[in-house]
Amino acid sequence: MKKHHRKWPSVPGDPAIPGYGSGRGNGGVEGANSLRVTGGCQLTKLTLATYNGRTIRLDSHLTELEVELSRINWHILGLSEVRREGEDTITLESGHLLYFREGDRASQGGVGFLVNKTLVNNVVEVNSVSNRVAYLVLKLTNRYSLKVVQVYAPTSAHSDEEVEAMYDDITKAIHGTTSAHYNVVMGDFNAKVGVQKCDEPIIGPYGLGRRNHRGQMLVNFLEMQGLFLMNSFYKKKPQRRWTWQSPDTVTRNEIDFIMADKKHIFRDVSVVNRFNTGSDHRLVRGTLNINFKAERLRLVKSTLRPTPPQMIHGSEQFQLELRNRFESLETTGDVDEITDNVVKTLQDLGRRHFPPVRRNRRGGSNDRST
């Protein structure tokens with residue numbers, strides 16, 4: 001396949017996450033000079049997918065992948081085991097945008113993204129933290145953006161230390177210099193999470209199989225980062241759950257996942273049976289349907305609540321002044337008057353010590369107590 005290299009105008013802002021991973025990158029933010037929402041409307045419905053195709057090293061592999069994609073709905077495809085050499089962002093003849101980074105050894109491993117041509121102008125940044133973790137930031141509206149992190153986890157032949165290093169890289173990708181309102185993490189995690197256990201709200205009721213050690217490591221990471229395992233929140237038949245099968249087709253496990261920090265934005269997550277490029281993995285696809293008006297309302301409600309430091313400091317001062325005010329209240333034989341005084345005291349002190357706070361768009365706060 002003939003590849004067309006195009007020099008994308010750099011988007012203003014920090015080009016990459018300094019000091020993360022190996023320090024390698026694509027040299028800066030590569031995207032559209034004037035970002036716009038395709039078609040002149042907000043991006044409310046998106047289809048994200050993750051796939052370990054085992055290789056797209058050759059152009060023929062990439063052609064086969066695009067043929068399969070032409071038969072399904074998709075917007076962003078995260079890729080594991082791309083096995084291509086080097087690191088690059090290129091525009092294919094189809095108009096789709098391909099980003100890839102090689103693995104830790106030649107013609108092995110690696111991660112990448114394929115972005116549908118209809119969304120190329122919405123890409124704010126695409127880069128990698130390491131050879132196992134890449135991320136992409138997509139503009140949804142002027143206010144909201146989506147960060148997608150693609151992962152290829154070490155297999156059981158690698159040590160737990162390597163897995164922990166990968167989770168550190170994912171953390172850096174999520175909380176890096178380019179923040180987003182929505183964060184989605186997906187990929188081949190080589191871990192079996194299994195069914196939900198007690199007190200695990202980040203896991204849904206529809207798991208598959210038994211959890212192994214690497215699966216518990218993944219669950220621990222989800223709890224630390226506040227991520228939800230979206231595969232487990234949608235009821236599917238067993239044949240629509242497994243994502244990998246052994247060469248003899250006897251063993252089938254669910255090891256490819258899509259996760260999100262806000263589960264309400266997803267409408268469905270499922271395996272696509274009819275997608276096949278010869279890999280032993282199956283494509284996992286998630287459908288997003290975002291209501292920005294409802295999201296704005298959630299944001300306003302959350303910012304009007306007192307912050308934890310404010311609650312701690314205010315609580316101490318509140319209790320001290322409340323004690324002093326109650327001691328100074330005159331006690332009379334009129335029960336109604338005593339009740340009125342107590343209510344007035346509580347209202348006055350509550351407004352003083354716990355005023356509503358609204359955060360501004362830059363992440364600060366505007367005190368609305370005056």
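**View 1. Tyr144 and Phe292 are both buried.** Buried means under 20% relative accessible area, with exposed over 50% and partly exposed in between (1.4 Å probe, protein chains only). This is a predicted model, in which local features need pLDDT of at least 70, side-chain atom pairs count only at pLDDT 80 or more, and totals for chains, interfaces and linings use all residues. Residues are numbered from 1 along each chain as its sequence is written, and side-chain values use heavy atoms, leaving out hydrogens and water.

**View 2. The structure holds six aromatic pairs, including the one between Tyr144 and Phe292.** Rings of Phe, Tyr and Trp (its six-membered ring) pair if their centres lie within 6.5 Å; planes under 30 degrees apart count as stacked, over 60 as edge-to-face and the rest as tilted. The ring centres of Tyr144 and Phe292 are 5.3 Å apart and the planes are at 20°, so this pair is stacked. Ring pairs also join Tyr144, Tyr182 and Phe292 into a cluster.

**View 3. Phe189 and Phe257 form a tilted pair.** Their ring centres lie 6.5 Å apart, with the planes at 50°. The two residues are 68 residues apart and link distant parts of the chain. Phe189 is buried at a relative accessible area of 3%, and Phe257 is buried at 1%.

**View 4. Charged ends sit over the rings of Phe100 and Tyr135.** A charge sits over a ring if NZ of Lys or CZ of Arg is within 6 Å of the ring centre and within 35 degrees of the ring normal. The charged end of Arg84 is 5.1 Å from the ring centre of Phe100; for Lys147 and Tyr135 the distance is 5.5 Å.

Conventions: Helix = DSSP H or I, 4+ residues; strand = E, 2+ residues; numbered from the N terminus.
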